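Colleague: I have a model open on my screen and would like to go through it with you. Could you take my questions one at a time?

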Amino acid sequence: MEGKIVVVTGAATGLGQAFAEGFAKAGADVATIDLGDVGETERRVTGTGRRFAAHRGDISEAGEVERFAALVHERLGRVDVVVNNAGVFRRIPFDEIDLATWRSFFAVNVDGAFLTTKAFADDLRASRAGRVINLSSSSVSLNVPDFVHYITTKAALIGFTSSLAAILGKDGVTVNAIAPGLVRTPGTELHDSDETFAAIASMQAIHRAQMPADIVGTALFLASDDAAMISGQTIAVDGGLTRR
C-alpha cells in the first residue's frame, strides 16, 4: 500500500479504526468520514508516519460526502481504495420497525456506500487499479432474529458489489465485499452480551470471538495488486461460522 490513498468510512472506532490503522501500517495515507470523534484513529494513523484527513459528517447526506471528497482531494490527492465500512447496527424486533427506522438503516448502510463510491469513482478509474471493498455480513446467510432491517441492507451491498464490479471492471477497478461474523467492537458490545459472543464463537470452526484485527488482512489483500483478478466476490471472514 506504499503511497496509496485509502478512504475508510466510519473509522472513529471498531472495525473502521482497525482498517485505518492497518492500511497506514502498510504505507497508505488514510481519510475518513464519521459522526464520531476520530482523535484516536488520527493518533494511530499519524503514529505510523502517514497522513490523515477527516470530515465529521453524516455519510447518508450527499452534500456531506461531497464536502468530504473535496477535503480528501485537497489534503491527500487522488484516492486509490474505498472501504465502505460505515454502518448502523441495532437489534429491533420486526413488529417494532417502522418505515422511518427501516429507511434510516438503508440511508447509512446502503446509500452511504453508494454516495462514497460515486464521489471517488473518477479517482478509482484514473488509478487503473482502483479498489472498492464493501462490508457486508455473514448474517445474510444465517437465521438471525430481530435484525431483518440490518440484514436486508447487508444483502443489498452484495448486489451492489457484483453489479458495480461489472461497471468499473473495464477500467481495472475491482469491487469486492467482506462478510464478517459477529465482530467484538464497541458498537456490538452495546447490544450483545458476553454470553452471545461465546455462543457465536462455539458455532464457528475457530472457537474464539472475532476481533477487528481478524478482518484487516483480507481487506489489505483485496486492495493489493495480488488481488487484481478477484472482483464481484463476497468473502466470508467469520471463523467458519458459515461454511459453503
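Colleague: How many positive and negative side chains does the chain have?
Modeller: This is a predicted model. The chain carries 23 positive and 29 negative side chains, and 5 Å separates the centres of the two sets.

Colleague: Now the fold. How many helices and strands are there?
Modeller: There are eight helices and seven strands in the chain. The radius of gyration is 17 Å, close to the 18 Å given by the globule rule for 244 residues, so the chain is as compact as a globular protein of that length. Along the principal axes, the C-alpha atoms fill a box of roughly 45 × 40 × 35 Å.

Colleague: What percentage of the residues is buried?
Modeller: Buried residues account for 53% of the 244 in the chain. As for the accessible surface, the total is about 10,900 Å², and carbon and sulfur atoms contribute 53% of that area.

Colleague: On to Ala129. Where is it found?
Modeller: Ala129 sits in the loop between helix 4 (99–127) and strand 5 (131–135).

Colleague: And why is Ala129 classed as partly exposed?
Modeller: Its relative accessible area is 23%, and partly exposed covers values between the 20% limit for buried and the 50% limit for exposed.

Colleague: Which residues is Ala129 in contact with, leaving aside its neighbours within four places in sequence?
Modeller: Those residues are Asp80, Leu124, Asp171 and Gly172. Gly172 lies 43 residues from Ala129 along the chain, yet their C-alpha atoms are separated by 5.1 Å.

Definitions and conventions:
Residues numbered from 1 in each chain as written. Predicted model: local features only at pLDDT ≥ 70, side-chain atom pairs only at ≥ 80, totals over all residues. Heavy atoms only, no water. Helix = DSSP H or I, 4+ residues; strand = E, 2+ residues; numbered from the N terminus. Rg over C-alpha atoms; globule rule 2.2 N^0.38 Å. Buried < 20%, exposed > 50% of the residue type's maximum accessible area, 1.4 Å probe, protein only. Areas by Shrake-Rupley, 256 points an atom, 1.4 Å probe, with all protein chains shown as cover. Lys, Arg positive; Asp, Glu negative; His and termini not counted. Charge placed at Lys NZ, Arg CZ, Asp CG, Glu CD. Contact = heavy atoms within 4.5 Å.
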